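Have a look at the structure first.

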Amino acid sequence: MAFMSVLTRDEAQTRARLLDVHHYAIDLDLTRGDETFDSRTTVRFTVRGETDTADTFVEVKPAELRTVTLDGQPLDTDTLDGNRLALKDLTPGEHELRVEAAMRYSRTGEGMHRFTDPTDGETYVYTQLFMDDVQRVFAAFDQPDLKAVFDLTVTAPQGWKVLANGITEHTGDGHWKAATTPPISTYLVAVAAGPWHSVRTEHRGLPFGIHCRRSLAPHLDADADELLDVTRDCFDRYHEKFTEPYPFDSYDQAFVPEFNAGAMENPGLVTFRDEFVFRSAVTDTQRQTRAMVIAHEMAHMWFGDLVTLRWWDDIWLNESFAEYMGYQTTAEATRFTDTWTDFGVTRKPWGYDADQRPSTHPVAPENVEDTASALLNFDGISYAKGASALRQLVTWLGEKDFLAGINIHFDRHKFANATLADFIDSLASATDRDVHAWADAWLRTTGVDTLVPELGTENGNWHLGIQHRGSAGAPPAPDPAKDRSGLKHAGHLQPAGGTRPHRISIGVYDHDLHDTGRLTLRQRLEADLAGETTALSTAGPQPALVVLNDGDLTYAKIRFDAGSFQTLRTALSGLPDPLTRAVVWNALRDAVRDGELPATAYLDIARTHLPHETDLALVDGVLAFATAHVADRYVTPEQRPAALATLTDLCRDLIRRTEDGDHPGLRLIAVRHRIATAAHPDTIAAWLADGTVPGGPELDPELRWRILTRLAVLGATDEATIAAELERDPSATGQEGAARCRAALPDPEAKSRAWDAMFTSDDLSNYLFTATAQGFWQPEQADLVRDFVPRYYADAAAVAARRGPAIADAAGRWAFPTHAVDADTLRLGQECLADADPIPALRRKLVDQLDDLARALRVREAGTH
């Protein structure tokens with residue numbers, strides 16, 4: 001493989017000063033076979049007249065570079081160096097570059113991904129050109145601030161439809177032409193071709209469409225009204241918020257197979273992972289998540305597509321804004337009004353976790369040197385922390401001024417590029433507040449502040465102080481005389497120091513006079529926290545519970561005073577607002593991860609209160625953490641059977657509670673987690689044999705594969721049964737289920753086959769690699785797979801180098817031996833980082849996994865003292 005150069009910021013800035021790119025004419029021929037397609041590109045650009053001649057380069061990653069001409073003169077194709085083709089001695093003025101090449105289809109979700117549906121044999125292709133993958137499809141000056149107009153033509157097999165950024169027209173004989181785009185960045189160009197099933201409508205004079213592969217048509221049709229209603233509602237709400245109208249000629253949403261991200265904001269053609277076309281029963285929270293993703297990607301049409309970052313250090317301007325707007329607009333415009341509870345319990349912890357690892361970075365980092373480094377910043381900080389920061393900004397600034405600043409920004413920079421400084425200047429022009437100082441404190445810093453209450457009484461009145469601990473240094477040791485909460489303080493896990501300003505609400509709660517298991521809100525205090533301590537004036541007797549950051553309007557970890565913690569042990573489920581309960585559950589989660597609350601105590605609290613919980617996102621989020629983190633990693637192997645038994649009993653209670661049929665979503669969550677925590681096969685094997693859970697639900701494909709995977713882990717199924725299930729469900733999802741089950745079988749030969757499939761053959765697609773990795777490591781099989789742990793690091797580094805960032809990400813995320821919580825696994829990983837030189841995408845994953853492993857070791861140690 002030729003060495004591929006990543007683009008540096010300095011190179012991009014130099015090229016942007018030199019060039020003005022006007023127009024791309026791209027012609028793709030998708031009829032050339034299963035391995036490659038033809039790509040012909042004509043680029044018109046201007047060289048600015050600063051010098052007599054200048055040199056630059058264009059990027060392309062071909063299977064075969066056939067011809068290149070510059071201003072009609074042929075260039076030597078042998079001068080292609082990796083992915084760079086030098087353009088030398090360019091004179092000031094207009095130029096035209098033509099590149100003809102054969103390009104490889106991808107099976108890793110990068111570039112032009114090709115997929116053949118095992119259900120019906122139909123083939124689909126689609127592009128994912130983010131960061132630097134446009135070079136896998138056509139030649140380009142590939143950086144976000146060289147926007148241009150694009151004209152696209154495609155030759156496709158008969159019977160296919162072609163979708164693109166603009167309205168497409170079939171001109172006959174498989175030839176398609178897309179409408180000319182406005183100026184957009186290269187990474188936003190999109191094509192999706194195949195025998196799509198489509199549902200079309202019109203809204204506000206624009207054509208809208210939703211598309212999926214044919215085998216999913218009945219499932220898309222079943223949800224078409226909901227999908228289109230959400231799309232229209234969000235579209236209308238954005239037109240109420242933004243003065244700039246939707247800037248493109250159509251709005252298509254394509255649900256595509258084996259997609260690496262949740263979705264991609266290609267203007268006029270948003271692509272989604274097609275798991276959002278639900279084949280099996282789902283909860284309302286899953287439908288809410290889908291609605292939020294629709295809203296998120298639509299927000300990008302303005303923030304990201306209309307106004308685009310200049311360089312990748314400002315990726316947060318895309319993602320944080322869309323993340324915030326996605327949740328806020330879904331809550332405002334659709335039936336899903338509790339989206340911030342879901343954000344609090346599922347997305348926000350992603351940001352908290354990322355911000356406490358060695359790989360943390362500011363929301364708006366100042367120095368992102370190249371595209372490989374930039375790719376690593378698509379994480380919980382750029383999404384969840386950034387969205388939390390914007391939510392805090394709106395709380396501090398006021399929504400009116402915030403939206404005014406946003407609209408100024410759109411007006412100033414539409415169809416162009418902008419930086420953090422431009423964004424802050426736009427906000428500052430709409431308010432008298434010091435937005436620049438806010439940005440320095442929130443966007444240029446790392447770490448999570450911790451807010452700790454101190455309660456006392458004097459002359460019959462209670463008083464509240466708040467310690468405001470930052471993210472550098474160590475907190476003071478707690479005073480044992482004042483702390484009877486039962487929490488173990490581990491100062492080395494939660495540092496203190498410089499802090500950010502916060503505007504928060506504080507919930508003050510009393511026991512209900514008629515039901516001590518319920519809590520009532522006495523008052524909600526508002527506070528601005530700016531120093532190390534804040535004192536608030538209060539009156540009346542000391543409350544039963546004080547919740548800092550009630551309403552979850554800021555980004556900070558919170559703790560509880562001893563009395564409040566004891567109240568939560570008995571009355572957490574009695575808090576009236578699910579968002580408050582989300583704040584509390586997050587605080588307990590953080591306390592476990594920081595070694596201050598024993599993991600077993602978290603399970604006890606969940607066992608007490610989760611059977612009474614009504615919010616689906618909370619039930620699912622707490623059970624997910626209790627299973628994947630507490631039971632699988634934070635308790636010792638000796639404690640694990642008791643942890644699984646606790647979770648099994650909890651799920652059994654939820655199943656009993658939902659026997660009346662009035663809570664199908666809650667029952668589905670309980671059944672899923674009952675399967676995941678099964679320590680013995682009898683009950684779930686009986687469900688599979690009967691095709692139903694007693695009292696419902698009947699087992700759909702998703703539940704059948706869940707059960708079969710767990711039976712494989714427990715050694716209660718075999719290859720013949722897996723093959724029979726695959727024959728019953730030969731879909732792409734069925735193929736993934738079978739791969740997961742086969743890798744989970746407790747058999748040495750099955751493990752060796754799975755390992756070779758992941759790390760030797762290079763035949764697995766991105767989704768089949770992930771499914772195999774998910775099945776391979778199981779805590780119950782630690783002895784069986786022990787010899788694979790030292791093999792992992794070298795083999796992961798090798799496959800990442802061969803197959804690139806998408807597989808590197810999967811290898812680091814899913815194939816890592818997370819169950820192996822011991823010093824040897826940590827040591828081997830550290831040696832790999834020092835000696836094996838893994839590519840950046842894998843290195844980042846390993847740094848994070850090893851930090852999580854070290855944390856798990858500390859949590860275990862804290863739990864034994």
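## The largest cavity

Start with the residues around the largest cavity: Tyr352, Asn549, Asp552, Ala556, Lys557, Ile558, Val583, Asn586, Ala587 and Asp590 make up its lining. Two elements each give two or more residues to that lining, namely β28 (557-558) and α12 (578-593). The top contributor is α12, with 4 residues.

Keep in mind that this is a predicted model. The volume of the largest cavity comes out at about 70 Å³.

Next up is the second largest cavity, with a volume of about 50 Å³. The elements giving two or more residues to its lining are α14 (616-634) and α26 (840-863). Here α14 gives the most, with 3 residues.

Who's around it? The lining consists of Asp353, Arg357, Arg593, His629, Arg633, Tyr634, Asp852 and Arg855. By class, that's 1 nonpolar, 1 polar and 6 charged.

How many cavities of 30 Å³ or more are there in total? The count comes to 6.

You'll find Asp552 in the loop between β27 (545-548) and β28. Is Asp552 buried or exposed? With a relative accessible area of 5%, Asp552 falls under the 20% cut-off, so it counts as buried.

Asp837 is another non-glycine residue with a positive phi, this one about 50 degrees. Its place is the loop between α25 (823-835) and α26; α26 is also one of the elements that give two or more residues to the lining of the second largest cavity. Asp837 has a relative accessible area of 61%, which is over 50%, and therefore Asp837 is classed as exposed.

## A cis peptide bond

One more backbone feature to look up: which residues does a cis peptide bond join? They are Gly696 and Pro697, and omega there is about 5 degrees. Pro697 belongs to the loop between α17 (682-690) and α18 (701-713).

Terms used
Residues numbered from 1 in each chain as written. Predicted model: local features only at pLDDT ≥ 70, side-chain atom pairs only at ≥ 80, totals over all residues. Heavy atoms only, no water. 1 Å grid on protein atoms, 1.4 Å probe; cavity = no way out; pocket = protein on both sides within 12 Å on 5 of 7 lines; lining within 4 Å. Points joined across faces, edges and corners; volume = space filled by probe spheres on them. Nonpolar A, V, L, I, M, F, W, Y, C, P; charged D, E, K, R; others polar. Buried < 20%, exposed > 50% of the residue type's maximum accessible area, 1.4 Å probe, protein only.
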